[in-house]
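Colleague: I would like to go through the labels attached to this model and hear the grounds for each. Please set each value against its cut-off.

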Amino acid sequence: MHAGTLEERIEAILDLDDLDDSGRALVLAQRLVAELDREPRALAIRARTRFKRGDLAAAQADVDAALALDSQCVDALWMRTLLIDEESESANVRAIAELDRLLARQPDHYGCHLSRGWRLHLLGRLDEAVAAWEAALRARPHRRRPAANAATFLQEAGRADEASAFYERTAAANPDDGMTAYNVGTHYYQLGQYDKAIVHLDRGRHLLGEQNAIQHNRALTLQALGRHAEAVEEWSSVLLREPDWDWAVSGRFRSLRALGRNAEADADHARWMEIVGPDSSEVLQAEPRRLIEAGEHAAALRLLEKMIAAGQVDVDVFNLAGFCLARLDRPAQAKAAYERALALDDSRAYVHRNYGEALLALDDPAGAQAHAETAIALDPKEDRAHRLRGLALVKLGRTADAVPSFEQWVALAPSSVAALVQLIKALQSLDRHAEALTRCDELIRLIPADGWGYLKKGQSYEALGNVANAKLAYQKAASSYLAAGENGEAEHCRKAAENAGRPKRGLFARLFGGKD
């Protein structure tokens with residue numbers, strides 16, 4: 001006879017069920033029923049395993065047999081709710097009502113809480129579903145499915161921070177489970193939090209070994225982190241097993257190109273074209289992006305126009321065409337392309353942002369601001385949308401309102417020189433020189449050899465009446481420009497240092513000489 005109490009054996013089966021190992025779960029359940037054929041809970045747990053394998057008739061037979069032995073068996077009654085149709089609202093409401101009755105009798109029943117969360121999710125009642133999965137976790141903290149369900153549906157609802165908390169709980173409860181590490185790492189990759197993603201994907205890779213899914217996502221994350229040499233190693237490992245996998249070939253091509261290993265990159269690109277075919281949809285979709293990344297906007301535009309002429313109606317085709325036209329200094333045509341993209345789908349932040357940039361180029365700052373606002377509402381972390389909003393507001397004469405946008409741009413893109421430059425200009429134009437000084441220091445840390453940050457620092461010090469520091473900053477600016485061979489700028493800064501603190505001469509004095 002199998003060792004362990006009935007409760008322990010049922011929990012072992014549910015642990016396998018939690019890992020989606022329905023085959024082994026069914027083997028254990030069959031053994032349990034063979035030994036305890038008059039035990040309703042044994043029949044109920046076998047019903048669960050048969051249900052998970054899609055054998056609904058056999059599951060129903062087990063439920064009926066269990067209830068014939070004990071009409072009040074909670075496990076069997078839970079299983080009966082699983083067999084209720086999920087397609088209609090009324091059926092889901094009925095299932096929830098039955099689960100509520102069962103939980104009133106057995107408040108810590110893991111399965112009832114798990115199933116109740118699922119039914120509430122189907123009804124669109126996400127907060128209640130999450131609460132039910134929380135209750136399931138309180139009953140069985142080591143199980144991963146309740147947290148995984150909550151994380152998945154919170155992420156789909158755009159509640160990424162709450163989803164992350166559940167993923168972290170899953171990872172903490174299952175440190176030796178490779179699939180958990182894979183799921184958590186993939187979650188962070190999708191959020192663009194690559195530093196967090198790689199920690200989990202590295203662990204998943206160690207636990208799972210060489211498997212396509214984990215290696216693919218780990219290689220993508222390494223690329224996003226700029227660790228292209230490691231990405232090439234990962235892609236190459238995959239290609240030893242899957243030499244014709246186009247995703248892996250194109251992935252390695254991108255990293256080889258980033259490393260400047262152009263001959264190898266060209267070979268991978270040719271191999272990719274051979275695998276997918278030169279006229280395939282994959283080539284038509286990927287080649288324009290590759291050309292855009294290489295700065296070949298005219299060549300990319302020709303391919304996109306070919307796709308449009310062939311009748312391909314796709315948001316990204318029109319968006320990319322607009323992007324190429326904008327880079328080719330054809331903003332009116334870019335605007336038209338973006339309008340076609342928005343007509344197909346107006347829920348994409350990047351299209352609104354791109355359209356707004358075209359409007360700004362066409363001297364329509366009010367329109368640009370409106371589309372920047374829409375882009376930010378759709379994706380608050382879209383740094384270029386904050387940039388666009390700030391630039392549009394400056395052009396509308398609302399520089400004070402633009403400052404928060406530039407500050408958000410800096411926060412989202414802390415390594416962006418352009419973001420700090422715009423913020424410093426805006427602050428100085430508003431005579432907010434103390435704040436400007438802080439931002440000048442940030443800029444100097446980013447580009448210590450450049451003179452512009454020191455020049456602006458000198459101007460703010462001078463405006464604040466700190467002549468000694470102004471002179472020092474101007475002198476540093478002059479030295480930086482001189483080292484870079486920009487002699488005109490160096491001379492300008494030298495004169496600024498010489499004249500710092502002196503009264504500024506009026507227009508007539510500058511024109512005709514003498515004192516004002």
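Modeller: Start with helix axes: these are lines fitted to C-alpha atoms, for helices over the stretch in contact, and angles run from 0 to 180 degrees between N-to-C directions. Helices (H or I, at least four residues) and strands (E, at least two) are DSSP runs, numbered from the N terminus. The model is predicted, so local features need pLDDT of at least 70 and side-chain atom pairs pLDDT 80 or more, while totals for chains, interfaces and linings use all residues. Residues are numbered from 1 along each chain as its sequence is written, and side-chain values use heavy atoms, with hydrogens and water left out.

Colleague: What makes α19 roughly parallel to α21?

Modeller: The two pack at an angle of about 30°, with their axes 10 Å apart. Angles under 35 degrees count as roughly parallel, over 145 as roughly antiparallel, 65 to 115 as roughly perpendicular and the rest as oblique. The pair α19 and α21 is therefore called roughly parallel. V315, D316 and N319 of α19 make the contact with Y350, V351 and N354 of α21, where contact means heavy atoms within 4.5 Å.

Colleague: Is the crossing of α19 and α21 left-handed or right-handed?

Modeller: Left-handed. A crossing is given that name if the near helix is turned anticlockwise from the far one by less than a right angle, and is right-handed if clockwise.

Colleague: At what angle do α4 and α5 pack?

Modeller: At about 145°, with the axes of α4 (residues 56-69) and α5 lying 9 Å apart. The crossing of α4 and α5 is left-handed. V63, A66 and L67 of α4 make the contact with A76, L77, M79 and R80 of α5.

Colleague: What makes a set of residues a nonpolar core?

Modeller: The members are buried Ala, Val, Leu, Ile, Met, Phe, Trp, Tyr and Cys residues joined through side-chain atoms within 4.5 Å. Buried means under 20% relative accessible area, exposed over 50%, and partly exposed in between (1.4 Å probe, protein chains only). In soluble globular proteins, nonpolar side chains tend to be buried together.

Colleague: Which members of the largest nonpolar core touch the most others?

Modeller: L304, F406 and Y474, out of 63 residues. Helix α19 (residues 315-327) supplies the largest share of this core, eight residues. Another core, of 28 residues, lies apart from it and has L16, L67, M79 and L82 among its members.

Colleague: Which residues does Y474 touch, leaving out those up to four places away in sequence?

Modeller: Y454, L455, G458, Q459, E462, C493, A496, A497 and A500.

Colleague: Why is C493 called buried?

Modeller: Its relative accessibility is 0%, so C493 falls on the buried side of the cut-off. C324 also counts as buried, because its relative accessibility is 0%.

Colleague: What makes Q30 partly exposed?

Modeller: Q30 has a relative accessible area of 33%, and therefore counts as partly exposed. Q30 is in helix α2 (residues 22-35). Beyond residues up to four places away in sequence, Q30 touches R46 and R50. The C-alpha atoms of Q30 and I45, 15 residues apart along the chain, are 9.4 Å from each other.

Colleague: Why is D20 called exposed?

Modeller: Its relative accessible area is 53%, so D20 counts as exposed. D20 sits in the loop between α1 (6-18) and α2. Its phi is near 60°, a positive value in a residue other than glycine.

Colleague: Where is D363 found?

Modeller: In the loop between α21 (349-361) and α22 (365-378). D363 is not a glycine, yet has a positive phi of about 65°. With a relative accessible area of 54%, D363 is exposed.
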